[in-house]
Protein chains: 2
Amino acid sequence: MSRIVSLTVEDVRFPTSRELDGSDAMNPDPDYSAAYAVLRTDDGPDGHGFAFTIGRGNDVQCAAIGLLAELVVGRDTEAVCADLGGFSRELLADSQLRWLGPEKGIMHMAVGAVVNAAWDLASKRAGLPVWRLLSGMTPEQLVDLVDWRYLTDALTPDEALGLLRAAEPGRAERTARLEREGYPAYTTSPGWLGYDDEKLARLAREAVADGFDLIKLKVGADLEDDIRRLAVAREAVGPDIRIAVDANQRWSVPEAVEWLARLKEFDPWFIEEPTSPDDVLGHAAIRRAAAPMRVATGEHVQNRVIFKQLLQAEAIDVLQLDATRVAGVSENVAVLLLAAKFGVPVYPHAGGVGLCELVQHLAMFDYVAVSGSMAERSIEYVDHLHEHFAVPVRMRAGRYLPPAAPGSGAEILEESRRRFRYPDGPGWSADGGA
Amino acid sequence: MSRIVSLTVEDVRFPTSRELDGSDAMNPDPDYSAAYAVLRTDDGPDGHGFAFTIGRGNDVQCAAIGLLAELVVGRDTEAVCADLGGFSRELLADSQLRWLGPEKGIMHMAVGAVVNAAWDLASKRAGLPVWRLLSGMTPEQLVDLVDWRYLTDALTPDEALGLLRAAEPGRAERTARLEREGYPAYTTSPGWLGYDDEKLARLAREAVADGFDLIKLKVGADLEDDIRRLAVAREAVGPDIRIAVDANQRWSVPEAVEWLARLKEFDPWFIEEPTSPDDVLGHAAIRRAAAPMRVATGEHVQNRVIFKQLLQAEAIDVLQLDATRVAGVSENVAVLLLAAKFGVPVYPHAGGVGLCELVQHLAMFDYVAVSGSMAERSIEYVDHLHEHFAVPVRMRAGRYLPPAAPGSGAEILEESRRRFRYPDGPGWSADGGA
């Protein structure tokens with residue numbers, strides 16, 4: 001019998017603030033970081049997972065992951081891999097740890113890191129990438145991944161079974177199409193707020209040359225700047241490329257309404273995070289006022305309960321799930337089922353480090369086995385830090401190609417983890433470890 | 001000039017699980033704990049604050065508080081005390097730390113602990129208890145305590161000024177009445193789920209003898225048990241004492257509706273936490289279905305944005321703010337203003353350790369300077385662990401007597417902190433340090 005013998009945690013940070021990569025109206029100087037978890041067993045591959053943070057506090061995020069070791073170490077590996085839903089529910093059910101959320105913030109992301117590590121472990125043991133592991137499960141197995149508490153007023157297990165069964169016949173055909181065509185992507189690489197107009201224009205042109213037909217710009221710090229930068233981007237990409245905008249929670253509801261009225265002339269494809277991610281009713285009010293502009297949020301949405309309400313309140317047109325904000329793959333299956341029930345397309349969030357690698361699995365599983373559609377859907381892409389991953393994303397003409405290697409995509413190369421270990425890795429010395 | 005010279009943190013835990021004190025349907029075995037923060041200056045009293053947790057993870061909560069030291073140490077003490085709203089907003093604005101919430105969970109409670117320590121410091125330096133410090137501020141000063149971001153669709157600073165000015169003329173008279181009569185309280189001491197029927201009945205009778213006219217029972221683990229325990233309690237207290245019930249988030253919305261239909265015959269004064277504290281729309285649905293039963297929540301409500309929506313959606317009849325879940329006194333001023341605007345009474349949460357000591361200040365300030373009313377209002381009371389506090393609550397005939405000593409009430413005696421320091425304090429040895 002195989003046992004999980006350890007859960008170890010590493011504080012890995014990349015000094016991205018040096019170049020203002022990732023800068024937006026709320027986050028001027030992020031250092032993209034991973035509170036990194038490794039599950040080791042006594043007989044096979046390790047499982048890797050992490051919580052994504054932007055620097056300070058990554059050590060505390062690591063410590064929160066460490067609290068889960070006593071719930072994990074010593075478990076029967078096969079039993080964990082055979083019941084990933086139950087595993088996730090057990091980690092969430094520790095009442096003393098639950099108090100620290102409940103199901104939100106640092107403690108919830110810690111559970112997400114460990115649950116994702118277990119998914120990485122299970123998929124490596126199965127010899128499959130996570131999207132294929134998920135896409136090969138029966139509707140009953142998929143429904144059993146979900147923690148149904150707090151969901152049944154919007155979606156019942158029986159309704160979810162119905163959705164999944166309806167999508168079952170087309171799985172093979174959609175898998176084949178995915179292998180041929182890849183999955184649509186959009187890019188945020190040109191749009192960081194810290195870039196000057198020239199860099200913005202150059203990167204926007206490069207994005208189009210790379211095959212993207214949707215790019216995203218950060219907005220919300222200064223209205224006149226936003227108007228100028230939108231004009232610069234439009235000039236650079238021409239009339240046929242879609243431009244979305246992202247305010248990173250900068251506004252109160254009345255401010256958002258006012259600001260968006262001014263940005264309307266640029267016909268943004270969507271407005272992302274116009275206000276607090278907690279504000280379901282606020283998003284609904286903004287959506288009504290800004291119609292027909294699409295409203296998007298999700299990268300900071302703490303759990304399935306807020307996603308449920310965003311859908312119930314008709315507050316969003318675009319659902320941007322995040323791979324490490326919630327309790328991992330298991331909770332994201334719930335989010336995908338909710339989105340499918342309400343007919344809202346999913347555009348996964350993937351700025352940050354490793355998020356592209358992770359969320360592609362969720363979007364591809366959604367296409368194969370849940371929503372059955374790639375129409376009006378797109379995975380965020382940022383050309384950044386992929387070289388540190390054991391299985392980096394593969395892009396072709398603005399689309400993600402399905403990963404073939406076993407695992408979840410979370411594994412960061414050991415050399416990169418060593419180099420960017422905080423605070424003593426050589427990547428943190430004055431010369432960047434050059 | 002005075003400087004803040006240190007922010008130190010202590011992991012203090014009380015082994016309450018040994019007696020099943022505090023046991024409910026979601027939290028069977030809490031060890032009431034404080035992630036305890038002390039601000040020291042170079043010229044006067046220390047400021048004390050803490051985040052309340054129920055055991056495991058209190059060390060990580062302490063570490064999160066420690067992250068704030070670099071934002072606090074070295075500051076001008078008088079400047080902090082003169083602008084407690086600005087201080088709170090600055091702690092919340094650190095973008096890298098904000099990512100770990102935002103404004104929720106461990107990181108937000110950490111800010112709350114430090115903000116409350118600053119309030120303790122400011123009130124000790126002013127020689128006033130916090131409720132009197134607050135009640136002596138001008139409407140303009142009070143409005144400036146609030147972080148208005150995300151609130152203005154429900155309440156504007158001008159509206160808040162109007163509310164506060166309208167309450168200004170009666171402040172002196174209400175202060176005098178408070179000194180004479182105290183503030184109404186209700187008690188949860190009889191109702192913990194781990195107590196047998198005999199202990200429940202005995203404690204319920206004692207509560208009535210002590211002058212309480214409202215008691216609260218934990219429910220939600222087993223319907224037949226709940227029905228039996230409600231009958232036992234009713235038999236013990238007679239027909240004139242109100243009985244509230246508390247499900248501690250146990251139910252999904254449809255379950256809550258069904259369960260409450262069965263408990264209706266006992267005419268509970270309110271149902272507390274019927275479902276997830278994140279579920280604004282769920283609470284609204286439960287309230288519509290269970291009417292005229294009052295719906296209450298708040299002890300786990302993460303911040304002012306969720307409280308705003310609970311009020312906007314007419315989801316609650318009773319708002320149960322918590323002293324350490326949100327970002328301290330400053331954010332709770334926002335919550336009190338929102339409650340006053342929407343005309344919803346506040347019943348502060350005060351199970352746990354030290355919460356009675358803290359929340360009484362908020363309720364009394366609300367009476368003197370915000371809502372101006374004690375009608376249909378009550379502070380939770382649990383007769384538990386008060387002996388560890390420098391300024392323990394004083395009760396008379398089921399009412400809180402206004403604290404006279406300077407400070408916020410947060411200060412735990414040094415000897416108690418030493419004895420229950422986790423894991424090496426003598427209170428954690430097998431014999432409880434006897």
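In this predicted model, the C-alpha centres of domain 1 and domain 2 of chain A lie 23 Å apart. The domain assignment, whose bounds come from an automatic or database source, gives domain 1 as residues 4-128 + 417-428 and domain 2 as residues 167-413 of chain A. Residues are numbered from 1 along each chain as its sequence is written, and chains are lettered from A and ligands numbered from 1 in the order in which they are written. Local features need pLDDT of at least 70 and side-chain atom pairs count only at pLDDT 80 or more, whereas totals for chains, interfaces and linings use all residues, and side-chain values use heavy atoms, with hydrogens and water left out.

Across the boundary between the two domains of chain A, 40 residues of domain 1 are in contact with 42 residues of domain 2, contact being defined as heavy atoms within 4.5 Å. The area buried between domain 1 and domain 2 of chain A is about 3300 Å², and carbon and sulfur atoms give 60% of this area; buried area is the accessible area (1.4 Å probe) that two parts lose on being put together, summed over both. On the side of domain 1 of chain A, A:Phe14, A:Ala25 and A:Phe50 supply 17% of the area buried against domain 2, more than any other three residues.

Polar interactions also span this boundary. Between domain 1 and domain 2 of chain A there are 15 residue pairs in polar contact, with both residues at pLDDT 80 or more; a polar contact is a pair of N or O atoms within 3.5 Å, where within protein one must be able to donate a hydrogen and the other to accept it, and residues adjacent in sequence count only if both atoms are side-chain atoms. Strand E2 (33-41), strand E3 (47-53), helix H4 (84-93) and helix H6 (105-126) of chain A each supply at least two residues of the side of domain 1 that touches domain 2, and H6(A) gives the most to that side, with 10 residues. Helices (H or I, at least four residues) and strands (E, at least two) are DSSP runs, numbered from the N terminus. The count between the two domains of chain A also includes 2 salt bridges, a salt bridge being a side-chain nitrogen of Lys or Arg within 4 Å of a carboxyl oxygen of Asp or Glu.

A:Glu103 forms a salt bridge with A:Arg304, the closest N and O atoms being 2.5 Å apart. A:Glu103 is found in the loop between H5 and H6 of chain A and is buried, with a relative accessible area of 10%; buried means under 20% relative accessible area, exposed over 50%, and partly exposed in between (1.4 Å probe, protein chains only). Phi of A:Glu103 is near 55°, a positive value in a residue other than glycine. The loop between helix H5 (95-98) and H6 of chain A also holds A:Pro102, and the peptide bond from A:Gly101 to A:Pro102 is cis, with omega near -15°. Most residues other than glycine have a negative phi, and most peptide bonds are trans. A cis peptide bond also joins A:Tyr422 and A:Pro423, with omega about 0°, and A:Pro423 is found in the segment after helix H18 (414-419) of chain A.

In chain B, B:Asn116 is placed in helix H6 (residues 105-126) and is buried, with a relative accessible area of 4%. A polar atom of the side chain of B:Asn116 lies 3.1 Å from the backbone oxygen of B:Ala323. Leaving aside neighbours within four places in sequence, B:Asn116 is in contact with residues including B:His48, B:Gly49 and B:Ser408.

A search of the whole structure finds 72 salt bridges over all chains. The side chains of A:Asp366 and A:Arg377 meet in one of them (3.8 Å, N to O); A:Asp366 lies in helix H17 (residues 355-370) and A:Arg377 in the loop between H17 and strand E10 (379-381) of chain A, so the pair ties together parts that are 11 residues apart in sequence. Both A:Asp366 and A:Arg377 are buried. In chain B, a salt bridge joins the side chains of B:Arg125 and B:Asp43 (2.9 Å, N to O), and both partners are partly exposed, B:Arg125 with a relative accessible area of 25% and B:Asp43 with one of 45%.
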